[in-house]
Amino acid sequence: MHNAHFDLVIDRRNTNSIKWDCMNQYLGLDGTDLLPMWVSDFDFACPDAVKAALQRRVEHGVFGYSERRDDYFEAVQQWFTRRHRVTIKREWIQSIEGVIPGISLLLQMLTRPGDGVVIQGPCYGSFAKIIGLNERRLLDNPLRREGTRYEMDLRHLEQLFIREQPAVMILCNPHNPTGRAWEQAELHALAVLCQQHKVTLISDEIWADLQLNGHQHCSVLTLPDHLLSHLVVATSASKSFGLSSLRISNFILPDANLRQRFKQRLDAHGLDVFNALSMEAATAAYREGDVWLDDLLVYLSDNRRWFAAQLAHRIPALTLMDADATYLAWIDCSALGLSDDELKCHMIEHASIVPSMGISFGEAGSGFIRLNLGCPRQYLEQAISGLAHLMIEHAV
């Protein structure tokens, strides 16, 4: 059922939004007349329970040094049990202000400059960024395209492990930008390979809650106990509930040695105090956000179905790849015969859309764009109209 609550258009301009206010700073664009569909945060208000918790904490008025207490840990544990059928021990949870900073610390902890780190392209650009800035080498295990769906290429991965002997692999589950959610058998085969070749697998599961059409997330934490010693899971409430600037994430480390080393790394960087408002927001979201999230998932699934139908009917030259999760649309535009630079110009000048360009996700993304469908339907209607206009202009 269509939930009209998410149809509400909230003006995010002049709120220091990177997505809406910083197109000039980040992209060199005057975004006045452009529809921003590039940054992966959504345009919905967070749950009322989260707003109420923040208001209570703000009214208290004192913001001294803060630490996570029982209610925070219990909220995280119960959420994973309730939503993902995963039992997490409290001591497994280590917190840091964001998933990317935490992965960066793990790279510093587990590898040395010049070492290779495996990703699966097309890959989230921040993975490539932190690998490069930490002076590590990016090793690509490209996903294999099968029609409009992506699969892992485990044969290629095994050869990569043998040849390069990396210490770390970063998994994105669900995958950004493709929206592929990995299944139990795939994850088991991957984890076995990692264990055999002594590779620590860092599974970024920040999109885990955003499963479409009733799909069930499968975490690497559901794998047999003997495979968990080489696994780290990164997660956060930020994507699920629109809390990206209230930065707190959780790294789940079942192995005591890895956990102690990571805790020491956090302490070495002075990362042992937490934002009071971030903890309040995440705790409230995990405790009271189920119904709100269920409604959101219905809306996002409806958005994707509507967008897919419109694209197929009005702009059949563009191919929308299948997705199990996320609110991201990964679209193959190669039939237009444009270079990536030309595609970007056409999107901005003729469609009045600011996409994430596929090439920013690596060579496997050339000819693609990524659009954010986590928005009121009105914005999707505007996007479809823009894309239809682009096709008219391109045909001239």
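The legends below describe close-up views of a predicted model. Local features rest on a pLDDT of at least 70 and side-chain atom pairs on pLDDT 80 or more, whereas totals for chains, interfaces and linings use all residues. Residues are numbered from 1 along each chain as its sequence is written, and side-chain values use heavy atoms, without hydrogens and water.

**View 1. The open sheet of 7 strands has mixed pairing.** The strand order is β2-β10-β9-β8-β7-β3-β4; helices (H or I, at least four residues) and strands (E, at least two) are DSSP runs, numbered from the N terminus. Two strands are taken as paired if DSSP finds at least two bridges between them. At the edges stand β2 (93-96) and β4 (137-140), each with a single partner strand, so one side of each has no neighbour in the sheet. Neighbouring strands are turned against each other by 25° on average, direction ignored. Strand β7 (residues 168-172) runs parallel to β8 (residues 200-204), joined to it by 5 bridges. Within this pairing, Leu 171 stands opposite Ser 203 in β8.

**View 2. Strand β10 (249-252) is covered on both faces.** Ser 249 and Phe 251 lie on one side, Asn 250 and Ile 252 on the other, and all are buried, that is, under 20% relative accessible area, where exposed is over 50% and partly exposed is in between (1.4 Å probe, protein chains only). Strand β10 pairs with β2 in the antiparallel sense over 4 bridges, and Gln 94 stands opposite Phe 251. Strand β9 (231-235) is also antiparallel to β10, over 3 bridges. The bridge partner of Thr 235 in β10 is Asn 250.

**View 3. Helices α4 and α10 lie across strands of the sheet that include β2.** Helix α4 lies across β2, β9 and β10 and runs at about 110° to β2. Helix α10 (residues 256-268) lies across β2, β8, β9 and β10, at about 25° to β2. Contact means heavy atoms within 4.5 Å. Axes are lines fitted to C-alpha atoms, for helices over the stretch in contact, and angles run from 0 to 180 degrees between N-to-C directions.

**View 4. Gln 77 is found in helix α4.** This residue is buried, with a relative accessible area of 19%. Not counting residues up to four places away in sequence, Gln 77 touches Ile 88, Lys 89, Arg 90 and Ile 93.

**View 5. The second largest pocket holds about 200 Å³ of space.** On a 1 Å grid over the protein atoms alone, a pocket is an open set of points with protein on both sides within 12 Å along at least five of seven lines, while a cavity is a set where a 1.4 Å probe fits but cannot get out; lining residues have an atom within 4 Å of a point. Among the 15 residues that line this pocket, Arg 83, Gln 211, Gly 214, His 215 and Leu 297 are the closest to its centre. Helices α4 (70-84) and α12 each supply at least two lining residues, and the largest share, 4 residues, comes from α12. The lining comprises 4 nonpolar, 8 polar and 3 charged residues; Ala, Val, Leu, Ile, Met, Phe, Trp, Tyr, Cys and Pro count as nonpolar, Asp, Glu, Lys and Arg as charged, and the others, Gly among them, as polar.

**View 6. The largest cavity has a volume of about 50 Å³.** A volume is the space filled by probe spheres set on the grid points, which are joined across faces, edges and corners. The count is 4 cavities of 30 Å³ or more. Residues lining the largest cavity include Ile 119, Pro 122, Phe 127 and His 175. Strand β7 gives the largest share of this lining, 3 residues. By class, 7 lining residues are nonpolar, 2 are polar and none is charged.

**View 7. The open sheet of 4 strands has antiparallel pairing.** The order is β11-β12-β15-β14. Strands β11 (319-320) and β14 (356-357) are at the edges with a single partner strand each, so one side of each is left without a neighbour in the sheet. Strand β11 pairs with β12 (residues 328-332) over 2 bridges, and Thr 319 stands opposite Asp 332 in β12. Helix α12 (residues 290-314) lies across β11, β12 and β15 (368-372), at about 20° to β12.

**View 8. Helix α13 (residues 340-349) has buried residues.** These are Asp 340, Leu 343, His 346, Met 347 and Ile 348. Their cover includes β13 (353-354), β14, β15 and α14 (377-395).
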